[in-house]
Amino acid sequence: MIGAGPGGYVAALRCADMLDVKTTGARVVLIERDAIGGVCLNVGCIPSKVLIHSADVADLARHSADWGVELTARIDLDRLHAHRRSTISDLTGGVATLLDDAGVERWEGTARFSKPDRLAVVTGANIRHLEFANCIIATGSRPTALASLPVDGDRIVDSTGALEFDTVPESMVVVGGGYIGVELGTAWAKLGASVTIVEGSSSLLPAMDRRLSKVVEKRLGELGVTVVLDTFVSGADDPLLADADRIIVAVGRTPNTNDLGLDTAHVPVSESGHITVGPDRRATRKIFAIGDVTSGPALAHKASAEAEVAARVIAGRAAAFDPAAIPEIVFSDPEVASIGLTEATAADQGIEASVFRYPFAAGSRSRTLGDTSGFVQLVADEAGTVIGAQLAGSGVSELAGEMALAIEMSATVEDIAATIHPHPTMSEGIAEAAYGLSGLPLHVRR
Ligand code: FAD
């Protein structure tokens, strides 16, 4: 395995178990040039969610009086960062222990193919060689650089730098309104920065259903965040950036496929720089690729799911990566989630979908939580099978798993409607949307 992110370390654990390394003498080697846990644990999913949670706590203080409790917030970034670092080290330490327990050999160093079945691993001045029967490339991705706006690690930073500001910037511009830009911009706005998000498309979160991004844009407006759409920042001297203390460049991710010697190993790479693989994640007979280094949504759970497939194939079992849905979540305010097909993507596939949208304004849990802004939207095909769900609202990230399961199991609208959803919870919104789709809406005006 090259790379110890959620793709590589999961593949290593699974291979160690399935190849029974402790008894058969098979070797599983995990090579990492930086930190166990990859982007996700060290500078991605986890630290960003620590920042977002702290920002939500600060934001709670602004509204707590509405619930009869007056809180005052004082931001202490030193403690926030200490908490972030200890969360990361707890989690990465846990992964290292799992790997050691499983009998995975951990090598520190930068790997590169020196032959189609051989890696050269460089650690400082040392070089080691490793011949392999199978290799999984899980080298992930890095922030996409803008030539016109080079990151200087001080005023102009990428998503990694944006997690580490030692003071709350007075004013900040986020270049890029995808999920990373929106999450970071929202968090820093709640911590007190005056934030502008600039996006080249006509909406924020352009990969999401427009109705979801509208809910987020509205809340950003309420938080005082300026959203500038249909605009590309021309460079460091763009007037939009003139007053910004800090600029976050968050315009996408670039796969780490350069410097790997992929030509030597005859590994095919697409124009976008992603490794081309089959459904069994094979790029060549002996070489597999998983995670951000391949095409598809750059998400940790996709990387781990592909790791499961590659490990099974290496262990001689039949497996293919062919999910009905890869949940996509934005930890914005409110959270939004998209699972499976939208009305538009269903139409692209020739499906005449039916759609029902249940607004949380009609719900009870949303009212007790003080946020009625979102909705649950279910998408069903002609046979009534649920093929998609889009959700916006407080804590809806936790509902995405139910929808992914429903879609994978080909649940029908009737199945969901007949499933008892606990009261009062946001999950009732899913049942309500299913009632609506089955022609019997309940808590919505006729
Ligand atoms: P990575 O995690 O990128 O790991 C690849 C590893 O390979 C790295 O550790 C790297 O050092 C190592 N490596 C690279 N080249 C070599 C080499 N030649 N030799 C040795 N080692 C090498 N995803 C979610 O699902 N949910 C989220 O909430 C989420 N939030 C995010 C927030 C931010 C700010 C960012 C930046 C990303 C976020 N992501 C999120 C995306 C997620 O982090 C990635 O999709 C995930 O980490 C990809 O996993 P991976 O295993 O493919 O690669």
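**Entry 1: salt bridges**

I looked up Asp 100 and Arg 106 and found that their side chains meet in a salt bridge at 3.0 Å, N to O; the term requires a side-chain nitrogen of Lys or Arg within 4 Å of a carboxyl oxygen of Asp or Glu. This is a predicted model, in which local features need pLDDT of at least 70 and side-chain atom pairs count only at pLDDT 80 or more, while totals for chains, interfaces and linings use all residues. Residues are numbered from 1 along each chain as its sequence is written, and side-chain values use heavy atoms, with hydrogens and water left out.

Asp 100 is partly exposed at 42% relative accessibility, and Arg 106 is partly exposed at 40%. I took buried as under 20% relative accessible area, exposed as over 50% and partly exposed as in between, with a 1.4 Å probe and protein chains only.

I noted 19 salt bridges in the structure. One of them joins the side chains of Glu 183 and Lys 49 at 2.8 Å, N to O. Glu 183 belongs to helix α6 and Lys 49 to helix α4, so this pair ties together parts 134 residues apart in sequence. Helices (H or I, at least four residues) and strands (E, at least two) are DSSP runs, numbered from the N terminus. Glu 183 is buried at 4% relative accessible area, whereas Lys 49 is partly exposed at 25%.

I then turned to Asp 154 and Arg 246, whose side chains meet in a salt bridge at 4.0 Å, N to O. Asp 154 sits in the loop between β7 (141–143) and β8 (156–157) and Arg 246 in strand β12, so the pair ties together parts 92 residues apart in sequence. Arg 246 is buried, with a relative accessible area of 15%. I also recorded one network, formed by salt bridges that share partners, which includes Asp 56, Lys 190 and Asp 333.

**Entry 2: helix α13**

Is helix α13 (residues 428–437) mostly covered or mostly uncovered? I found it mostly covered, with nine of its 10 residues buried. Among the buried residues are Glu 428, Ile 430 and Leu 437. The elements that cover the buried residues include β17 (354–359), β18 (375–380) and α11 (400–408), where contact means heavy atoms within 4.5 Å. Just after α13, Gly 439 takes a positive phi of about 90 degrees.
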